[in-house]
Amino acid sequence: MSDDSIWTTESSDLTWYYNYESKPSPAFSNSKLQFVPMLWGASTTFLADVTSQIKSGANITYVLSMNEPDGGGNTGGSAIPAETAAETWQREIEPLKKLGVKLGAPSVTGAPSGKVWLQNFFNACKGNCSADFIPVHWYGNFEGLASHVGEVRAAYQNLTMWVTEYANNNVDLKESQVFYNQSSQFFDRIDYITHYSYFGSFRSSVSNVGPNAAMLTEKGKLTDIGSWYLGRSATGNKPRGAAGRNTIFTGSTITVLLASIWSLM
């Protein structure tokens, strides 16, 4: 049985997902999960792909853009200059506004380079990139996460926020679990954070953020974090195994599954 089926059970709190691509994952075609397309890099077909899905009846109400454009390919970044990203946005993303789609700003890293890149992006847009929300990525401890969220909010007070990747990477199991619970409770208290998605929905043996951050054990069983994420009780299943930072995931498409705060209230 594919690991994908774990995320589509009726008792799950999950409501939608993204897969870093413009087209949905076949594994979730018959599930309740709503797909959120992402323009990962400097695509020339994103607008056509999304428009085609909408015309075919797909319920697409949000899109994401540019995955970690300030980061390099060795860590999953799309490495796009801010000026190129602004041109791509205006051609491939901005027209979706007329179709009623809410637009996510580029998803930069939590490093200082992300802040600078995003400023350069909006400057290059010259007012022609009308983002509705700002995605945030963070890898590190809770104190750093809370501080980073506050800094982003101060810079973009007119935008709601999605935390689309986060984990306390490469720490022991207890520390990873405490971080998960602290961060989830923190997000739930903040009205401007409307969506958050923990990284990651994969087995501990292939995790590139440390085995203890994974939602599945090396055998594909839900860890405590994975079960909590689905709105269930702890399983007691301990993750084992480790992978290098540059691991290439194989098998199922890597998918980030999200619980929308507003849908659970």
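# Briefing on the predicted structure

Asn158 is an exposed residue, with a relative accessible area of 67%. The model described here is a predicted one. Within this model there are 3 salt bridges, and the second largest pocket holds about 280 Å³ of space.

- Asn158 belongs to the loop that runs between α4 and β7 (160-167).
- Between the C-alpha atoms of Asn158 and Tyr192 the distance is 9.6 Å, although 34 residues separate the two along the chain.

**The second largest pocket**

- The space in the second largest pocket amounts to about 280 Å³. Its lining consists of 21 residues, of which Gly114, Lys115, His148, Glu151 and Val152 are the closest to the centre of the pocket.
- The largest contribution to the lining comes from α4, which gives 6 residues.
- By residue class, the lining of the second largest pocket comprises 11 nonpolar, 8 polar and 2 charged residues.

**Salt bridges**

- One of the 3 salt bridges is formed by the side chains of Arg203 and Asp3, with an N to O distance of 2.8 Å. Arg203 is in the loop between β8 (193-196) and α6 (224-229), and Asp3 is in the segment before β1 (16-18), so this pair ties together parts that lie 200 residues apart in sequence.
- Arg91 is partly exposed, with a relative accessible area of 38%, while Glu92 is buried, with a relative accessibility of 4%.
- The side chains of Lys97 and Asp132 form a salt bridge with an N to O distance of 2.7 Å. Lys97 is placed in the loop between α2 (82-92) and β5 (102-107), and Asp132 in the loop between α3 and β6, so the pair ties together parts that are 35 residues apart in sequence.
- Lys97 has a relative accessibility of 30% and counts as partly exposed.

**Helix α1**

- Helix α1 spans residues 46-55, and its buried residues include Phe46, Asp49, Val50, Thr51 and Gln53.
- The cover over the buried residues of α1 includes β2 (34-35), β3 (38-39), β4 (62-67) and α2.
- After α1 comes Gly57, which has a positive phi near 100°.

**Thr88 in helix α2**

- Thr88 is located in helix α2. Thr88 is buried, with a relative accessible area of 3%.
- A polar atom of the Thr88 side chain is 2.9 Å from the backbone oxygen of Thr84.
- When neighbours within four places in sequence are left aside, the contacts of Thr88 are with Leu39, Gly41, Ala42, Ser43, Met66 and Ile93.

**Thr164 in strand β7**

- Thr164 is part of strand β7. With a relative accessibility of 2%, Thr164 counts as buried.
- The side chain of Thr164 is joined to that of His137 by a polar contact of 3.2 Å.
- The C-alpha atoms of Thr164 and Phe199 are 8.2 Å from each other, while the two residues are 35 residues apart along the chain.

**Residues other than glycine with positive phi**

- Tyr20 is a residue other than glycine with a positive phi, near 70°. Tyr20 sits in the loop between β1 and β2, and its relative accessibility of 16% counts as buried.
- Glu68 is likewise a residue other than glycine whose phi is positive, in this case near 40°. Glu68 is found in the loop between β4 and α2, and at 8% relative accessibility Glu68 counts as buried.

Key. Residues numbered from 1 in each chain as written. Predicted model: local features only at pLDDT ≥ 70, side-chain atom pairs only at ≥ 80, totals over all residues. Heavy atoms only, no water. 1 Å grid on protein atoms, 1.4 Å probe; cavity = no way out; pocket = protein on both sides within 12 Å on 5 of 7 lines; lining within 4 Å. Points joined across faces, edges and corners; volume = space filled by probe spheres on them. Helix = DSSP H or I, 4+ residues; strand = E, 2+ residues; numbered from the N terminus. Nonpolar A, V, L, I, M, F, W, Y, C, P; charged D, E, K, R; others polar. Salt bridge = Lys/Arg side-chain N within 4 Å of Asp/Glu carboxyl O. Buried < 20%, exposed > 50% of the residue type's maximum accessible area, 1.4 Å probe, protein only. Polar contact = N/O pair within 3.5 Å; in protein donor to acceptor, adjacent residues only side chain to side chain. Contact = heavy atoms within 4.5 Å.
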